[in-house]
Amino acid sequence: MKNWSIFFFVSIMILLVSCQEEEQERINPDLDNTIPKDSELASLMRKVVTHDGSFDDIVDSGNCFSINLPYTILLNEKEFIVTTINDYQKIATSDVIEIRFPVTITLYNHTRKIIENRARLAVFSNSCKVDDDDIECIDFVYPIMFSTFNNNTNRLNTIEVGHDSQMFDFMSAVNDNTSVSINYPINLLLHNGQNVDTSHNIDLLHAIMDVASACEENDN
């Protein structure tokens with residue numbers, strides 16, 4: 001009788017462990033498409049969604065942030081309202097430019113700051129690197145769905161990302177306790193208007209690397 005009890009107990013334990021492993025396998029994201037936080041793909045994805053602040057460098061001298069439109073400057077002592085990106089083509093490097101403060105800027109990580117004067121603006125412009133990290137010639141086509149699995153709680157979530165700022169925050173928040181995978185397929189828009197479909201991490205990695213090495217950045 002004692003042997004039968006031991007056999008019954010061991011059988012139950014094996015069954016429970018087997019069921020747990022089966023459930024774990026069922027709810028875990030696709031292991032082939034998980035994105036470790038320190039992986040090359042995770043780094044490239046963050047660079048794709050980093051805010052590009054180089055298009056208005058002729059005014060603010062900072063490639064890691066941009067001034068939110070519209071705002072007013074004195075251009076050669078005449079009032080000039082910058083309302084679109086195309087307005088920067090009307091400004092020459094030889095022009096005398098004076099920004100009418102306050103203005104709001106958007107940083108590389110999509111956060112916004114109100115800037116009250118030129119000295120404060122200079123603090124941000126001096127913090128920018130000569131070569132910024134953003135990849136300007138490729139964009140994600142949203143929405144994109146992610147699966148996240150918390151290794152501590154065994155909880156699976158599906159998260160929809162609909163903008164570069166959301167993607168930046170999401171990718172920056174990935175930690176060792178959470179497994180993240182993309183729900184493919186996803187679409188990419190290249191600088192030449194071409195669309196690229198990707199169905200696996202390897203496809204996405206190669207697509208970003210190939211285009212990033214081929215296109216020209218706008219930084220000066």
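Me: What covers the buried residues of helix 5?
Reply: This is a predicted model, in which local features need pLDDT of at least 70 and side-chain atom pairs pLDDT 80 or more, while totals for chains, interfaces and linings use all residues. Residues are numbered from 1 along each chain as its sequence is written, and side-chain values use heavy atoms, without hydrogens or water. Helices (DSSP runs of H or I, at least four residues) and strands (E, at least two) are numbered from the N terminus. The cover of helix 5 includes strand 7 (138–141), strand 8 (144–150), strand 9 (155–161), strand 10 (178–182) and helix 2 (40–49).

Me: Which residues of helix 5 are buried?
Reply: Buried means under 20% relative accessible area, with a 1.4 Å probe and protein chains only; exposed is over 50%, and partly exposed lies in between. In helix 5, residues 164–172, the buried ones are Asp 164, Met 167, Phe 168, Phe 170 and Met 171.

Me: Why do the buried residues of helix 5 line one face?
Reply: In an α-helix, 3.6 residues make a turn, so residues three or four places apart point the same way. The arc is taken from the directions from the helix axis to the C-beta atoms. The buried residues of helix 5 line one face because, seen down its axis, they fall within an arc of 170°.

Me: Which residue in strand 6 stands opposite Val 103?
Reply: Two strands pair if DSSP finds at least two bridges between them. Strand 5 (residues 103–107) and strand 6 (residues 112–115) run antiparallel, joined by four bridges. Opposite Val 103 stands Ile 115.

Terms used:
Contact = heavy atoms within 4.5 Å.
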